[in-house]
Amino acid sequence: MVTSKRIFTKLTLIPFEMIMNAIPFFHKEKVVWEISKEQKLLLQNEWWKMKRRDDAIKINLQSNNKELVQRIRKETKRNNKNNVTRTAAYLTFYNKHPEITWSFLAHMVSRNAGYFMSDLKGEFLPHILEETFIEKLYEMLEKGNSMIFEDAYPQLLLYEESKKTGISLFYLCHHFNISPFIEGVWEVHFRREDQSFLLPVAQIINEQSHIEKMLVHTEEYSKLLHSMTYRFQEWLKLSQILFPTSPLKYSLGKNMNHFKVLDERIQLGQNLYTTLFLPEYLDGIHKFANTFPHTGSRSDYDQDSFTAIYSPPKKFPIEKLSFFKIKKNKKIYSPFLLDVWKLTFNGPYKSLDWFEDAEYVFKQMKLVYRPSSYIWSTYWSGLHKIESVFLFNQYYKLLKKNRNL
C-alpha cells in the first residue's frame, strides 16, 4: 500500500510538471517596453564622448576624487565577502533607493543563488551528483555572484553619491572597470531624468554580458556547462528562481534553463523583472525579503518543510515528500550557507570590457514578459523528481552492498 501510494505520487506529479512547464508556450511573449530612437541617439552621444576622453583627463579626475573612489572600493570589498553579505547589501540599497528597481531583482536572484549553493550540500544532491562536480559548480556560482557584485555595487554607490550632491559622478566608472555601455546609460538616466525601463533593462544586459566574457566563456566553466552532469541537473530543475509570497502556494518565479546561452539569460532576467514587479505581488515579496534575512537555507521561506539542523541519515532511505507537503516530522535538510561552504570569492577580477557591438545591444534593449502559472506546483514536482533519483540511488547502493555480502 505504501509503495503504491509512493509510485502514484511520483508518477502523477512528475508528468504534471511537464504539463505545467508547457503552459507558458501557449502564451505569446509580450513586449512591455523597448528603446526609443531618441534614447538610442542619447546613448550613442554619451559613448562617443567617452571615447574622446584622454588619459590626462582621467588622471586629473582620479586625483580630485581619490577619497570617494577609495571609499567605494572599500565598501564594495566589505560587502563582497560572500553570498549572504552581497544579498543583504542589495536589499539595503533598494530600501534606501526604491527607484533603482534592479537592486531588488538582484537581491532576489542572489537569494536564489544562495539557496542553490546550499542545496549542493543539502539533503539530496551530495548523494546524486559527483563531489568534484558539486565543488566546481559551487565555485562557478560563487564566483559569478561575486563578479556581478564587484561590477554592479560601485555603480549603485556612485548613483547614491550623485543623488546626494545633485551632480553626476558616473565619469568615475572607469576607476572600477565598469563598461562604457552602462556608464552611458547611467548618464542618460541621471541627467535626462529618464524614468523609463532603460536603466533596469541595461543593468540586466550589462551584468549578464559581463559574466559571459569573464566566466561562462572561460575554458574551465565552459567545459562544466557542456557536461552531461550539468544537463542532468537542468533536467532535475535544480536551478529554479523562486519569489516567495504568503501564502507560499502563490509564489512566483521561473525555471532557469540554458544558462550557457547569453540571449537566454538576458531574456530570463527580463521575464524575472516583469514578474517580480507585478503590482499585486511586489509588496508581499518585499515584505518577505525584509522579514526573513537571507541565510542560504530554504527554511528562510518554508520552516514547515526545511530545517537547517542536520540529522544523521537512517539505515534505510525514507521518503519525505507527499504531494505538496512534507510527511509528518520529516523535514528536508537545507543548511545555512556559511555552515557548509568556506571557500568564497571577492575579487578583484581581471577587467575585460564586453561592449563591442552597439547594434546587438539595441536589439536586446527591450522588456519582455511571458505569463506563467504559479511556480509552486512546478517547484514541488521538481523536489519529487530529485527525491526519486535520490531514493533510487540509495536503494541501488543497498542492493549492491547486500549482493556483495
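This is a predicted model: local features need pLDDT of at least 70, side-chain atom pairs count only at pLDDT 80 or more; totals for chains, interfaces and linings use all residues.
Residues are numbered from 1 along each chain as its sequence is written, and side-chain values use heavy atoms, with hydrogens and water left out.

Helices (DSSP runs of H or I, at least four residues) and strands (runs of E, at least two) are numbered from the N terminus. Helix α4 (residues 66–79) and helix α7 (residues 131–165) have axes that come within 10 Å and cross at roughly 130 degrees. Axes are lines fitted to C-alpha atoms, for helices over the stretch in contact, and angles run from 0 to 180 degrees between N-to-C directions. The two helices α4 and α7 are therefore oblique to each other; angles under 35 degrees count as roughly parallel, over 145 as roughly antiparallel, 65 to 115 as roughly perpendicular and the rest as oblique. On the α4 side, the contact (heavy atoms within 4.5 Å) is made by Leu68, Arg71, Ile72, Glu75, Thr76 and Asn79. The α7 side contributes Phe149, Glu150, Tyr153, Pro154, Leu157, Leu158 and Glu161. By class, this contact of α4 with α7 comprises 7 nonpolar, 2 polar and 4 charged residues. Here Ala, Val, Leu, Ile, Met, Phe, Trp, Tyr, Cys and Pro count as nonpolar, Asp, Glu, Lys and Arg as charged, and the others, Gly among them, as polar.

Helix α8 (residues 180–191) packs on helix α9 (residues 198–216) at an angle of about 170 degrees, with the axes 10 Å apart. Helices α8 and α9 are therefore roughly antiparallel to each other. Phe181, Ile182, Val185, Trp186, Val188 and His189 of α8 meet Leu198, Leu199, Ala202, Gln203, Ile205 and Asn206 of α9. The contact of α8 with α9 has 9 nonpolar and 3 polar residues, and no charged residues. In the loop between α8 and α9 lies Glu193, whose phi is near 50 degrees, a positive value in a residue other than glycine. Glu193 is exposed, with a relative accessible area of 61%; exposed means over 50% relative accessible area, buried under 20% and partly exposed in between (1.4 Å probe, protein chains only). Asn177, in the loop between α7 and α8, likewise has a positive phi, near 55 degrees, and counts as partly exposed at 44% relative accessibility.

Strands β2 (residues 240–243) and β3 pair in the antiparallel sense over 4 bridges, where pairing requires that DSSP finds at least two bridges between two strands. The bridge partner of Ile241 in β3 is Lys254. In a regular strand the side chains alternate between the two faces of the sheet. From β2, Gln240 and Leu242 point one way and Ile241 and Phe243 the other way, and all are buried. From β3 (residues 252–255), Leu252 and Lys254 point one way and Gly253 and Asn255 the other way, and all are likewise buried. The loop between β2 and β3 holds Pro247, and the peptide bond from Ser246 to Pro247 is cis, with omega near 0 degrees. A cis peptide bond, with omega near 0 degrees, also runs from Gly347 to Pro348; Pro348 is located in the loop between α14 (337–340) and α15 (358–364).

Arg111, in helix α6 (residues 102–119), is buried, with a relative accessible area of 1%. Not counting residues up to four places away in sequence, Arg111 touches Thr87, Phe288, Ala289, Phe292, Pro293, His294 and Asp300.
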